Structures are given as C-alpha cells and as structure tokens.
Amino acid sequence: MNMMKSATVKTTCPYCGVGCGVAVPAAAPRNARVSGDAAHPVNRGRLCSKGSMLGETTGLENRLLHPMKKGARIGWDEALDEVAARFSSVVATHGPDAVAFYVSGQLLTEDYYVANKLMKGFIGSGNIDTNSRLCMSSAVAAHKRAFGEDLVPGSYEDFEEADLVVLVGSNTAWCHPILYQRLLAARAKRGTRIVVIDPRRTATCDEADLHLPIAPGRDLRLFTALLCELAARGAADEGFIARSTKGREGALAAARREHRSLEETAEACGLDPSALETFFSWFAETERTVTAFSQGINQSQRGVDQVNTIINCHLLTGRIGKPGAGPFSLTGQPNAMGGREVGGLANQLAAHLEFDEPGRGKLARFWGTENLAAGPGLKAVDLFDAMAEGRIKALWIMATNPVVSLPNADFVRHALKTCPFVVLSDCVAGTDTAAFADMVLPAAAWGEKDGTVTNSERRISRQRAFMAPPGEAQPDWRIVSEVARRMGFADAFTYRNPAEIFREHAALSGFENGGERFFDISGLSGLSDAAYDALEPVRWPMRGAGGTPRLFSDGVFATPSGRARFVAPASTVERLANESAFPLTLNSGRLRDQWHTMTRTGLSPVLGANAPEPVAEMHEEDARAAGIADGGLMRVVTEYGSGIFRASVTQAQQRGSLFVPIHWSDVNSAMSSAGRMVHPEVDPISGQPAFKHTPARAEAVMPLWRGFFLSRQEIAPPGCGYWASRRVDGGWICEMAGLSEGEAPPELDLLAGESAGAAGGYEELEMRDGHAGALRQARLGNGRLTDCLILTRGGKLPPRDWLASLLLADEIDETTRRVFLSGRAGEGAADSRLVCACMGVRSDAILAAIAKGACNAASVGVQTGAGTNCGSCRSEIRSLIERVETEEAA
Ligand code: SF4
C-alpha cells in the first residue's frame, strides 16, 4: 500500500469516464466521507451523487476476503498454483486459443497491462477482451478508420469553448454529470447552444435548446443527411479538406444516395422537419461545434458507421483540432481509455500497436518474447459463443459481472457452465457471476489499490490507496504476475510495485515509435517511485514535459499519409423489430445514482433511495394498449428472455419504445436483469453489442398479493415472482409481489429467520384481516424493531419511509405499536422520495419550498440545498414544480 504523507490522499473516482479527483482524509476509517479534489483539473472539487457517496461503499460488507475453491477457503499458494497449472495444461493440450481472459474497465492501467502482457505476450493468444467492448469499442474502431489510431481529438475545455454542443445518444446529465455541469456553467457565460439527439426525453434535455427525439436506430440516417446538407450549404472547409483529408467525394456520394430531401430524412427519423432544419442550420453556421456521443451511438448494430458519419461532418467543416470543436467520445467507465492504451481489447496490441508488421515485431522485441499472439482474439460476445461450443476450456474473469452485463445473459450462464475451469478475481463476494466460478480470488478494491486511470479526454490520473486491503485481498497486477511466474514466465513479470509497471508501459509507448503512434507517454518512463506517487493529472501524448489537451491542431493525423479519412458507411438500412411478435424497441441504460450491477453503489442507502425498484419506462399510449398502469407491474419479453418491472408511464418515452435500467441482477431482484432480454446482435466491425434496439413486447402483470418486508438483516430472496431489495439506513427493504396461485404470501417467521436483537426474546405484533387479505406483522427484540412485514391483496400500502425510520429507533413505544396495528401506519407521513442524493433532500421538502413560493430549480436550491452540488436532480425538481403548477391550474 502506498500511503501519502500529507493529511489528504488524492485519488480518482472509480465510476464514470469523466475521471473526477477525490480527496480522502489520510488514514481515514472505512466509510469515511470523501470530497472532491479542489485541485483536480477535471472537477475542481465537485462530485456527483455517486462520487459523493463513495465513502458509503468502502465498508467490508460483501467483500471477498480469501481465495475460495468451489466455496471452500484455500490458501493463496494453492489457488495460484492451481490457476497456473490448469491454464498451462489447457494450453499444452489444446493450444493457447483454448484459454481466455475477460477483463474490465474497472481495472487500473497497471493491472490491465500485466493481464494483457501475460495473455498476448506469453501465453500467446489474443483472447483477452474487456467489458469496455460493451461501452465504446465502436468509437475505437471508427477513430482508427478516420484518424489512423484510436484518438479522441479534444478535451473537456472544448465543451466550454464551444458555441454549439450536440449531445448524441448521451444522457450526459446523469451519466457524465460533472462534465455536464461544466458545460452548463460555460453556457451561462457564453450562451452555448445545446442540442440533444436522443429517442428519450432525458434529464439532459431539460437544458437543451433543441431536443431531437429521433426514432431508435436512425442516427446514421441523420448524420448522413447532415453531411449532405453541410456540403450543400457551403459549410465545407475546402482548404482543410484538401490539406488534411482523403475520401470526401466517396463519402458524400454514398450519403447523397440516402439523403434526398430534408422532409424525407425527417420522416425516416421520426422528426419534425422544422426542428431538423434548425439543427442543420445551427450546425452549418457554428464554427465552434462539439459533437459528443456515447452509448446511444456506440451500442448499435451500426455503431462504427454511426461514429464515422459524425466524424465525417467534422472533417467536412474542418472543425477538429481547434478550440471548441471536434467529435468527442464520452467513455462510460473510469479506465476504458487506459484499457485501450494497453491493448485490453482482443483486436489490438499494447501501446496502440496493431496485429500487423511492424506492430507485432516491435512488441515482441520490447517484451523479449517469441510467443506473441499471431492475431486478434475473440471479442466478448464471440468469446462466450466459443465457450458454449467447447472451444474455451479455461477462463479468467477479472473485476466484472458478465452474467448480468452481457447481452443474452442466460446464454452466458450456459456458456460458463460448459467451461471446465472458470476463475473470477473480484473484490466483491456473491455476485451473479461468482456462482459459476470454480475459483474466486480476492482482489483489492478502490481505496486499497494504487495505479493510474485515463479518462475520456486522455487524462491520466493516479488512483491512490488510503486503506490496507482487508483479509487476503491482493491487487490484480500482483495476482496476475504470480500466476505468470508459476506458468514459467517469471523473468517477464518481476514487478514489485505499480510504478515499475507504469514505467514499462510508458517506455513501450515510445519504443521504436518515431512519431508514427500518437499514443506516446514515454516522457513519463523515467519517473522515480516517488515521482509516480506524486504524479499530477496529465493528458497524453506526452513525449516530453507537459501534456497535450488537443490533437490534430496541425492538421496531421495518424494515418500513413497524415490525412484523416472520410468513411462512407456501407448502408443505412437498419434491422428493425419483428413487428408482430415484438412491436416495441427495448432500450437499456444507466440511472442517475447507480453504477453497473450495483455491487458497490447498492451498498449505499442514499444511492438506492431515488430509484428504489427496477422500473420500465413506456409511453402512455403503449401502456394503455397493453393494459399497463403507472406504478403497476409489467413484464418485458424478448426473443431471449423476460423481466418483471415496475411500470413508469411517461411521455419522456416515445411511442414504440421501452427503457429499462441495466443495474438490477438476480442478487437484488427476482427477474429484473436487462441483460437477460437483450439480443446478442453486434456491430460487424467493432463487435459491440446493440443494447439499444432489442425487439420486445410488454404485458401487464396482475399480482395476487403485494407488500414489503423490512429487516435489520440482509434479506434472502423471498422466492416470489417479483421482488427487489435494497439497503436503507439501519437495514434492508424488499418489495414483493406474488404473481401466481402457487406463490403463497410469506409469513414473517419464514422471511426473518433468527434476527439480531433477540437476546431477550422476541415480541410479536400482528394484525390479520383475512377478508381484505391484509397482514401486518412486526417483530421486536429488546424493544427495537427487527423485522416488519406488510402485505395486502388489493389495498394501499403504507409509506416505506415511516416504517424504515423505525429501524433506527431505540424503542418502539405504545403509540407507535397501536398505529402500526391499526393499519394507519404512517398516516399523515408523506410518501416522499429522495430527490437530491448529494444534499439528502427529499420530495416533501421540495414541495414545501414550492408551497412557500419557490418557482424554479434555483430558488428551490436556495431554500433546501437541493440541486446545488452536482445538479443531476434539477430535472426532477423541475418536474415537481410542473406537477404543482398543473395541479393548481386544474
Ligand atoms: Fe465519479 Fe460522478 Fe465524477 Fe463520474 S462525474 S467521475 S461518477 S464523481
């Protein structure tokens, strides 16, 4: 562990690709509150709700502490020996392509580097792929086609220096909140126009000057049309095109075959022609334009072409390599970019070298290996296909939960069952994926490990440890190095600390480079351990002192000719839904306060409060047609699986579309995992799954009974057709519903088991109304509430907050007992929800402020503090204001 000597340890948030700096008091205990690093150039002290609650996730709950084999604890030596022996045996018998690593954008660059070196450099297979494949591999492929290398041209300052920012397929307000706040702050000064192109009306649209609610899957058509219109409107930068690009005529000819008129394109995209005209004219007339895109563009069957059509528009107008201008890929994960630097994707080598000559030769010389992988390995979806066919016989999964996050997730389960040897190294115990692992290895978590991450703007920041790893947990780089040594590659894996790995990684970036690869951080290859420890955030390329905020400012690109390439998309014909069986299009994505499969954010009661259950959003007309009521239960069905969700009927969702969050899994819900329903269609070039467009249908679900269970103890799956559990202060809550006759309503004794607090015996409170099908049961231990079950067949359920607050009470008094038994539990208490996670402000406080005259998000903020930190909740505040105004007008 590498402790800083100062009173504060500066590290980096482990969630999204914005890459905010975090400050933690040195020697802080677990669960200590963290704050934003005021000196970090990305966030200048601000954090979003997820970052602000990082302290709540650093406890030992759910931590994997010891190596385990088939559920039994074993020693590290035995575990490492067996992993090395099993992988070596498979390689010896079946060849190197019979083994694979599936890794993660959660790994630090140093971890990633060592894993990639072992697989591609010494085992000799390309079979290492990453969950970043699911996030931005389409952008990587498009960058390489257009620029000759995977390069993000601009930086966050460009958002602040632009006059027009186009956000495409990105709910930036929720998924990249601090960058979004920087954009809004800049807009307040310079009047930046914001255009959002998204099928959904997301929180990001609230601040938009224009929202284009494009039909799902039509982005390619839109940007193809934009290219034609820019050319027709005289927006082409002929000098730049002549000096710095190739292929303009081919791309334009292909685009013109698709775009015949603005009206026709508007109809194909489901857009109002006048809104489309506004967008085209704003784009044509605004020199300083940034087009930022994220999963809505990348997670598509045509993701690579879609990114290239966006880049084409910037190449045509010469709006790249200049302040306030350029295409910009917003990466989802904290170290997606770092993984790309070290070759974490199966189809590329480390340091942006390619599987060609001279790329392979350079890397083999640098690593001193004769066993470098001959060609690309299997991309994520193909990898699990190969596993199901028996071609992968040993798999090592690092820091990810593919059973939840990959598409067609039940097939992934099947594939893992067929694999003879599955290793999982993770910091979390009991994930959905752990159930399929023969061996689990405890890895160090955020706050315990040292290394670097690279954010969306190519900025390398240090993650620093401020706690010792618990139990026997080890950093990933060390675990992989130990296995490498045991496989016979000791000389190449002699690392004693992450600084040594970083120096090697930096040196490789400059090795036989000669200026042809832009990724070059060789200026950092001579860092001492102390200098690495103190490394300030820096943007690559960094050949010497100082970093590079913006690429291509000299008009020179990383292609052999030095010119950027226009790329003509193959065709703009998208595969759409099988309309008879699956008339809807299922979209999936992130919520404001959760991260991935909730293995960490799920530990925070605060972060679980805003979206307490898995919700499927749909348009009111689709809901009416399916008999689905707002707040009721619904089933989403696709060709690959189904899920049960709480219905949210909203006009934010366009007709024909459904949206479900990606965060729930079988660990915290009955059947609400999005990955189970997503089709395994991928982009043919990048292999990135098309998470945004699965043909689906929705059905109403009528529960026979419903209710919830509160407990001081973690709640075991209750075994009914619908349930979803989460943390609350002082315990857990589980929403439940019985969906079939065979699902009898549960009894408190069965759910609660032997609760804590029973030293003096339990006292039980119970009220049954057989006629109404109502049950209220509570169990007290030493006068304190330990468990509580409320069920009803068709009645109203009480506010959860009032009952949950009783878990924190030292004693349940007689009045409270009588209220509970009378069925008037929580009467008078507002059923409020947490709106502002950062400041802990609930909807009842916001409604009170509105009643006192607050008429906009700013004045609500003045009265309550809500929305004054990261600002992600301002959309919800505005919705509350609108609701009150509508009610008053009625
Ligand atoms: Fe972390 Fe939020 Fe910053 Fe993303 S925006 S890095 S989640 S604090």
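A disulfide is a pair of cysteine sulfur atoms within 2.5 Å. By that cut-off, this predicted model holds 0 disulfides.

**Cysteines**
- The closest cysteine sulfur to that of C228 belongs to C313, 8.9 Å away, which is too far for a bond.
- C228 is buried, at 6% relative accessibility.
- For C870, the closest cysteine sulfur is in C838; at 3.7 Å, this pair is also too far apart for a bond.
- C870 has a relative accessible area of 4% and is buried.

**Nonpolar cores**
- The largest nonpolar core contains 179 residues. F87, F101, I197, F279 and W396 have the most contacts inside it.
- Helix 3 (residues 109-123) is the top contributor to this core, giving 8 residues.
- A second, separate core has 26 residues, including A100, L134, L416 and C419.
- Leaving aside residues up to four places away in sequence, W396 touches V83, F87, A100, F101 and Y102, among others. Its partners also include V423, L441, I479 and V483.

**Cis peptide bonds**
- Most peptide bonds are trans.
- E357 and P358 are joined by a cis bond, with omega about 20°. P358 sits in the loop between helix 15 (336-341) and helix 16 (359-367).
- The bond from W540 to P541 is cis as well, with omega near 0°. P541 falls in the loop between strand 19 (538-539) and strand 20 (564-565).

**Positive phi**
- Most residues other than glycine have a negative phi.
- H352 has a positive phi of about 60°. H352 is in the loop between helix 15 and helix 16, and is buried at 9% relative accessibility.
- A399 also has a positive phi of about 60°. A399 lies between strand 14 (394-398) and helix 18 (402-405), in a loop. At 18% relative accessibility, A399 counts as buried.

Key
Residues numbered from 1 in each chain as written. Predicted model: local features only at pLDDT ≥ 70, side-chain atom pairs only at ≥ 80, totals over all residues. Heavy atoms only, no water. Core = buried A, V, L, I, M, F, W, Y, C linked by side-chain atoms within 4.5 Å. Buried < 20%, exposed > 50% of the residue type's maximum accessible area, 1.4 Å probe, protein only. Helix = DSSP H or I, 4+ residues; strand = E, 2+ residues; numbered from the N terminus. Contact = heavy atoms within 4.5 Å.
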